[in-house]
Amino acid sequence: PSSSLEIIYNRIPKTASSTMLFLFEQQTARGQLAMVHGWDYADYGPWAPEKEVENAKRILELLRHARRSRAVDVGQGAGRRRPGQQPASIEGLPVIYEQHIRYLNFSSTGLEPAYINLVRDPVDRAVSHYYYLISPQYRKQEQIQAVLAERGSQQNLTVDECIRVPQSQRTCGFFDEGNLMTSFFCGNSPECQCVGKGARVCSPGERGQALARAKATLRDRYLVV
């Protein structure tokens, strides 16, 4: 995959991925690469085999459209970038597709894109995510309102204050992500349903299989992590 001009950045939330996008956009403005943005950030999977194939084909078509049209913003939400940031031509340039998404197997499409990602200390990432979820910016999103309402007076607690609340009385806390970083590398194979958002209840052995799959995928399919 190291020779591929198609790169998938399946960015893990709260791992400085917004900063990475800013750096990529600077390179795009200089005509050094092109980007395709996936704006559906809520679909973390795991996906059934047919949906994984469907999404792989969808992304492949977006990449092909970018090549044909010489456009860099052809995903959902196209046109949000400022005019003048696109290279005059993307012929021969790497094209990066970015989205909060699990690893996708592209074998059904005939494409073998290179993958890149960033990781972060799990505790630091969880703390960052905790504060992001209770930030005014995130509170505006309807899907979080009901959860914050259930927290009542504890919704504004710091992490340290939240931890000090006896567990039986605690309504604050972290949203259950089921080891999100592992799920982004594991993908959508059956064992990967044991990790990430929407994970099913699994034995330690099954979770170990998911971790092993994630490590193998990281080693074999990722250009840079």
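# Close-up views of a predicted model

Phe-185 and Tyr-222 are both buried, where buried means under 20% relative accessible area, exposed over 50%, and partly exposed in between (1.4 Å probe, protein chains only). The model is predicted: local features need pLDDT of at least 70, side-chain atom pairs count only at pLDDT 80 or more, and totals for chains, interfaces and linings use all residues. Residues are numbered from 1 along each chain as its sequence is written, and side-chain values use heavy atoms, leaving out hydrogens and water.

**View A. The protein is built from eight helices and five strands.** Helices (H or I, at least four residues) and strands (E, at least two) are DSSP runs, numbered from the N terminus. Along the sequence, these elements follow the pattern β-α-β-α-β-β-α-α-α-α-α-α-β. The protein has 225 residues, of which 44% count as buried. Among its contacts (heavy atoms within 4.5 Å) with a separation of 6 or more, 72% join residues 24 or more positions apart.

**View B. The largest nonpolar core has 30 residues, and Ile-59, Leu-63 and Phe-106 have the most contacts inside it.** The elements that give two or more residues to this core are strand E2 (34-37), helix H2 (49-69), strand E3 (95-98), helix H7 (180-186) and H8. The most is given by H2, with six residues. A core is a set of buried Ala, Val, Leu, Ile, Met, Phe, Trp, Tyr and Cys residues joined through side-chain atoms within 4.5 Å. In soluble globular proteins, nonpolar side chains tend to be buried together. Leaving out residues up to four places away in sequence, Leu-63 touches Glu-6, Ile-8, Val-36, Val-95, Tyr-97 and Leu-111. A second core, separate and made of nine residues, includes Tyr-9, Leu-21, Phe-24 and Leu-33.

**View C. Six aromatic pairs are present in the structure.** The pair of Tyr-9 and Phe-24 is edge-to-face because the ring centres are 5.9 Å apart and the planes stand at 90°. This pair links distant parts of the chain, with Tyr-9 in strand E1 (residues 6-9) and Phe-24 in helix H1 (residues 17-29), 15 residues apart. Tyr-9 counts as buried because its relative accessibility is 1%, and Phe-24 counts as buried at 9%. Phe-185 and Tyr-222 also form an edge-to-face pair, because their ring centres are 5.0 Å apart and their planes lie at 65°. Since Phe-185 lies in helix H7 and Tyr-222 in strand E5 (residues 222-224), this pair ties together parts that are 37 residues apart in sequence. Ring pairs join Phe-185 and Tyr-222 with Tyr-103 and Tyr-115 into a cluster. Rings of Phe, Tyr and Trp (its six-membered ring) pair if their centres lie within 6.5 Å; planes under 30 degrees apart count as stacked, over 60 as edge-to-face and the rest as tilted.

**View D. Val-225 is found in the segment after E5.** This residue is partly exposed because its relative accessible area is 43%. Val-225 and Asn-117 are 108 residues apart in sequence, yet their C-alpha atoms are 4.9 Å apart in space. With neighbours within four places in sequence set aside, Val-225 is in contact with Asn-117, Val-119, Phe-185 and Leu-218. Leu-218 belongs to helix H8 (residues 204-221). Leu-218 counts as partly exposed because its relative accessibility is 31%.
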